[in-house]
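This report describes one protein model, from its overall make-up down to two individual residues. Please look over the sequence and structure first.

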Amino acid sequence: MRRKSFVAVFVFLLVVLGLVYLWYTTTSKANTATVLVGESLDLRRVVIQTGFYSINSTTDEDLLKKGLEQAVFDGVSKYSFETICGENDFLIFYDQQYYTIIRHFIPNDFYDGIPSPHHYHFSIDKSEDDMYVILKVVGQDPMTIRKKLMPVFMSKSLLWASPIVIESL
């Protein structure tokens, strides 16, 4: 009788551990993205990369040469990606002629580990003279930001896709 109880408890523990493992491996920790463009734009010309971009850079020129570590969207396919160290930096190109950089900062403490997944809605459109992207983040740390895409040829004089301002005292 004692042996049957031991076997039953052992089988029960194996089933519980198996279910926990199955749940853990099938629960996605990856972020997802949706990319939309305005009527006059071509979705195949959009490229979005993610990675870490240092705030200590002097201009955007090197960033545009090197790019970021991972593709999120390459004009045709979308790729899932994880958040590491509480932030996602996005480098967004249109037709390799325009770009911008957006940072989604996620205030997690390192005790929580990798933050919960977010869904990123990128919407690129063109007004009369400007092209811009609206990023709407849905998830634990939501935000919406609108940012102008800048011409790539200006990257020597831009930082974070904005003019470099030097103030003298």
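## Overall make-up

The model is a predicted one. The protein contains two helices and eleven strands. Read from the N terminus, its elements follow the order α-β-β-α-β-β-β-β-β-β-β-β-β.

The protein has 169 residues, and 35% of them count as buried. Its accessible surface is about 11300 Å², with 60% of that belonging to carbon and sulfur atoms. Among contacts in the protein with a separation of 6 or more, 57% are between residues 24 or more positions apart.

Four strands form an open sheet in the order 1-6-7-8, and their pairing is mixed. Strand 1 (32-37) and strand 8 (143-148) each have a single partner strand, so they stand at the edges and one side of each lacks a neighbour in the sheet. On average, neighbouring strands of this sheet are turned by 15° against each other, direction ignored.

In general, the strands of a sheet pair through backbone hydrogen bonds, in a parallel or an antiparallel sense. Strand 7 (residues 131-138) pairs with strand 8 in the antiparallel sense, over six bridges. Within this part of the sheet, Y132 stands opposite K148 of strand 8.

## N88 in strand 4

N88 lies in strand 4, which spans residues 87-94. The relative accessibility of N88 is 3%, and the cut-off for buried is under 20%, so N88 counts as buried.

A polar contact of 2.7 Å joins the side chain of N88 to the side chain of Y120.

## D89 in strand 4

D89 is also found in strand 4. Is D89 buried or exposed? Its relative accessible area is 0%, so D89 is buried.

The side chain of D89 reaches the backbone nitrogen of Y53 at 2.7 Å. Not counting residues up to four places away in sequence, D89 touches Q49, T50, G51, F52, Y53, L68, I102, R103 and W160.

Technical notes: Residues numbered from 1 in each chain as written. Predicted model: local features only at pLDDT ≥ 70, side-chain atom pairs only at ≥ 80, totals over all residues. Heavy atoms only, no water. Pairing = 2+ DSSP bridges. Axes fitted to C-alpha atoms, helices over the stretch in contact; angles between N-to-C directions. Buried < 20%, exposed > 50% of the residue type's maximum accessible area, 1.4 Å probe, protein only. Polar contact = N/O pair within 3.5 Å; in protein donor to acceptor, adjacent residues only side chain to side chain. Contact = heavy atoms within 4.5 Å. Areas by Shrake-Rupley, 256 points an atom, 1.4 Å probe, with all protein chains shown as cover.
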